[in-house]
Amino acid sequence: GPPAPQAPHLSAPAARCCSPAACSIVPSFALCFGMSRPTRSDVEDWEKHVVVVRGRGQKFLCLKLTEKPLGTTEQVSALCSAIAHVCATTKGGGGPMHANVDAMDTGIRDEGLKQMLETLTSRGIQCKVLRLHRNCLTDVGAIILAEQILRQTQAVEELHLSYNEISEKGALALGLAIQSHDAYPLTRVRGSQPVPIWFRLERNFVGNARGVSDVL
């Protein structure tokens, strides 16, 4: 069939942080340079929040990160090391694993989101639930999420992005990714009525929501 449409390229807009409690002011160079390797103690602390749950023939990697600080590269790197270690040491029950990510009010930024999603994808993990409200995500983060949706063979069932810094451009990229993916509309049982995706985007910078919905 024809190749899946690609999300448009966007440059990052200047934006304030929507989560002042979690987003401490970090010098921009700290996000790109001088990254230190996380210590074993740092990784062990994050492993407490990375849990594998089994049920109904499925495995879920549950990231319980709400209000844990993820505003710096060092913090995200420690989390990703914890994810890698938990995946490597999980015993029994092969087959695919899905991820439920609870990362509300963590201060995670676009770069950190990309690193976390790449860590999951590199281990064959597909995201089912992404709770990312009250963070510091811009249109760049929305594009990263749109690309993740298109990359997966299975649908993201919940996408919570309220209280971020996303404009019409990011909202449109996400909508087009969902619209073009064969896994949507969702159905719980083959042949049953479609189930809508849970997609929250209030309290962002989408000034022309009607225009976005008209395009979709």
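Strands β3 (residues 97-102) and β4 (residues 125-131) run parallel and are joined by six bridges; two strands pair when DSSP finds at least two bridges between them. Within this pairing, His98 stands opposite Gln126 of β4. Strands here are DSSP runs of E with at least two residues, helices are runs of H or I with at least four, and both are numbered from the N terminus.

You are looking at a predicted model, in which local features need pLDDT of at least 70, side-chain atom pairs count only at pLDDT 80 or more, and totals for chains, interfaces and linings use all residues. Residues are numbered from 1 along each chain as its sequence is written, and side-chain values use heavy atoms, leaving out hydrogens and water.

Now step back to the whole sheet. Six strands make an open, mixed sheet in the order β1-β2-β3-β4-β5-β6. Because β1 (50-55) and β6 each have a single partner strand, one side of each is left without a neighbour in the sheet.

Next, find His181, in the loop between α5 (168-180) and β6 (198-200). His181 is buried, with a relative accessible area of 9%; buried means under 20%, exposed over 50% and partly exposed in between, with a 1.4 Å probe and protein chains only.

Two charged ends sit over rings: that of Lys68 over Trp46, 4.7 Å from the ring centre, and that of Arg134 over Tyr163, at 4.0 Å. This requires NZ of Lys or CZ of Arg within 6 Å of the ring centre and within 35 degrees of the ring normal.
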